[in-house]
Amino acid sequence: LLRDFNPINLVQKHSERLKTFFKTQKVRDIMSFQNLYIGLAPHTAPALFSLLQYLEIVEGIHYPLGGFGKVREGLLSVLSDLKVSIRY
């Protein structure tokens, strides 16, 4: 795999890189949707962000049980136990 790796592919525009793998625009749109997570359009995002799609497809998407509010509550609980003062 590494002998075929070309680092220039990581800085190529994501939309252009997807054209080398997918024929239809609809599939390319699906495979570039994750760019929106970070506020970038596929025609401006570097192909490096294709790692987001890879991770979602291969590793899945993980959410905290009870939602992200539970993460906040957990952090506030630990900080409270440590007597950390929080200013809003």
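Author: What follows is a conversation about selected residues, their surroundings and their pairings.

Author: This is a predicted model, in which local features need pLDDT of at least 70, side-chain atom pairs count only at pLDDT 80 or more, and totals for chains, interfaces and linings use all residues. Residues are numbered from 1 along each chain as its sequence is written, and side-chain values use heavy atoms, with hydrogens and water left out.

Reader: Let us start with His62. Where does His62 lie?

Author: His62 lies in the loop that runs between helix H4 (50-59) and helix H5 (68-81). Helices here are DSSP runs (H or I, at least four residues), as strands are (E, at least two), and they are numbered from the N terminus.

Reader: Is His62 buried or exposed?

Author: His62 has a relative accessible area of 64%, so it counts as exposed. Buried means under 20% relative accessible area, exposed means over 50%, and partly exposed lies in between (1.4 Å probe, protein chains only).

Reader: And what does the side chain of His62 reach?

Author: The side chain of His62 reaches the backbone oxygen of Glu59 at 3.2 Å.

Reader: Which side chain meets that of Lys19?

Author: The side chain of Lys19 forms a salt bridge with that of Glu16, at 3.2 Å from N to O. Both residues belong to helix H2 (residues 14-19) and sit three residues apart, about one turn of the helix. Lys19 is partly exposed, at 45% relative accessible area, and Glu16 is partly exposed at 37%.

Reader: What about Lys70, which residue does its side chain meet?

Author: Lys70 and Glu73 are joined by a salt bridge of 3.6 Å, N to O. This pair lies in helix H5, three residues apart, about one turn of the helix. Lys70 is partly exposed at 44% relative accessibility, and Glu73 is partly exposed at 40%.

Reader: Now the surface. Which residues make the nonpolar patch?

Author: Phe5, Ile8, Leu10, Val11, Leu48 and Leu51 make a nonpolar surface patch of about 550 Å². Patches are made of residues with over 30% relative accessible area and no salt bridge, where like charges are joined within 9 Å and nonpolar side chains (Val, Leu, Ile, Met, Phe, Trp, Tyr) within 5 Å. The areas come from the Shrake-Rupley method with a 1.4 Å probe, and for residues only the protein chains shown count as cover.

Reader: Which helix gives the largest share?

Author: Helix H1 (residues 8-11) gives the largest share of the patch, with three residues.

Reader: What does Leu10 touch?

Author: Not counting residues up to four places away in sequence, Leu10 touches Phe5, Pro46, Ala47 and Leu48, where contact means heavy atoms within 4.5 Å. Leu10 is found in helix H1 and is partly exposed, with a relative accessible area of 32%.

Reader: Is Asn35 buried or exposed?

Author: Asn35 is buried, with a relative accessible area of 0%. Asn35 is found in the loop between helix H3 (25-31) and H4. Leaving aside neighbours within four places in sequence, Asn35 is in contact with His14, Leu40, Pro42, Ala45 and Phe49.

Reader: How many aromatic pairs are there?

Author: The count comes to two aromatic pairs. One is formed by Phe33 and Tyr37, edge-to-face, at 6.0 Å centre to centre with 85° between the planes. The other is formed by Tyr63 and Phe68, also edge-to-face, at 6.5 Å centre to centre with 80° between the planes. Rings of Phe, Tyr and Trp (its six-membered ring) pair if their centres lie within 6.5 Å; planes under 30 degrees apart count as stacked, over 60 as edge-to-face and the rest as tilted.

Reader: One last point: what is the phi of Lys83?

Author: Lys83 has a positive phi of about 65° although it is not a glycine. Most residues other than glycine have a negative phi. Lys83 is in the segment after H5 and is exposed, with a relative accessible area of 72%.

Definitions and conventions: Polar contact = N/O pair within 3.5 Å; in protein donor to acceptor, adjacent residues only side chain to side chain. Salt bridge = Lys/Arg side-chain N within 4 Å of Asp/Glu carboxyl O.
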